[in-house]
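The stops below are given in the order in which to select them.

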Amino acid sequence: MNEALKTQLKILKLSDIKPNFSELARFYDLDRRTVKKYYDGYEGKAAHRDKSSKLDKHYDLIKQKLSIRGANVRAVYEFILSERDPNIGIFADR
């Protein structure tokens with residue numbers, strides 16, 4: 001986001017002046033709803049989400065199985081899927 005726009009919106013907000021969102025949007029080449037969103041206090045998306053994985057509870061088992069020579073990630077996934085937890089989701093080889 002443009003720092004100049006953020007600064008201008010802060011000044012307008014502190015002065016209790018409602019900005020013309022359409023005019024600012026044209027000037028900064030943005031959508032007027034985006035300008036209003038930042039005027040209302042939007043800070044942007046979080047840099048990192050702390051979301052747990054379905055595999056977190058199997059961490060020790062995964063570590064143990066991957067330490068075995070010749071073991072691969074797909075084989076460990078298949079083992080957990082068939083022997084321990086059929087609800088862990090799909091295997092996504094990225």
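**Stop 1: D85 and K57**

Select D85 and K57: their side chains make a polar contact at 3.4 Å. A polar contact is a pair of N or O atoms within 3.5 Å; within protein, one must be able to donate a hydrogen and the other to accept it, and residues adjacent in sequence count only if both atoms are side-chain atoms. This is a predicted model, in which local features need pLDDT of at least 70 and side-chain atom pairs count only at pLDDT 80 or more, while totals for chains, interfaces and linings use all residues. Residues are numbered from 1 along each chain as its sequence is written, and side-chain values use heavy atoms, with hydrogens and water left out.

The pair is also a salt bridge, with the closest N and O atoms of K57 and D85 3.4 Å apart; the term means a side-chain nitrogen of Lys or Arg within 4 Å of a carboxyl oxygen of Asp or Glu. The two residues are 28 apart and link distant parts of the chain, K57 in the loop between α3 and α4 (59-66) and D85 in the segment after α5. Helices are DSSP runs (H or I, at least four residues), numbered from the N terminus.

Which of the two is buried and which exposed? D85 counts as buried because its relative accessibility is 9%, whereas K57 is exposed at 64%. The cut-offs are under 20% relative accessible area for buried and over 50% for exposed, with partly exposed in between (1.4 Å probe, protein chains only). Now show the surroundings of D85: beyond its neighbours within four places in sequence, D85 is in contact (heavy atoms within 4.5 Å) with K57, H58 and I80.

**Stop 2: other salt bridges**

The structure holds 5 salt bridges. Select D31 and R33, whose side chains meet at 2.9 Å, N to O. D31 is partly exposed at 33%, and R33 is exposed at 57%.

Next select R74 and E78, a salt bridge of 3.1 Å, N to O. Both residues lie in helix α5, 4 residues apart, about one turn of the helix. E78 is partly exposed at 33%, as is R74 at 41%.

**Stop 3: two positive phi values**

Go to D16, in the loop between α1 (3-14) and α2 (21-28). Its phi is near 55°, a positive value in a residue other than glycine, and D16 is exposed at 71%. Then move to D29, in the loop between α2 and α3 (32-39). D29 has a positive phi of about 55° and is exposed at 69%.

**Stop 4: pockets**

On a 1 Å grid over the protein atoms alone, a pocket is an open set of points where a 1.4 Å probe fits, with protein on both sides within 12 Å along at least five of seven lines; lining residues have an atom within 4 Å of a point. Grid points are joined across faces, edges and corners, and a volume is the space filled by probe spheres set on the points.

The largest pocket has a volume of about 420 Å³. Select L55, Y77, I90, F91 and A92, which lie nearest its centre among 15 lining residues. Helix α5 gives the most to this lining, with 4 residues.

The second largest pocket holds about 220 Å³. Its lining includes E3, K6, Y38 and Y42, and the largest share, 6 residues, comes from α1.
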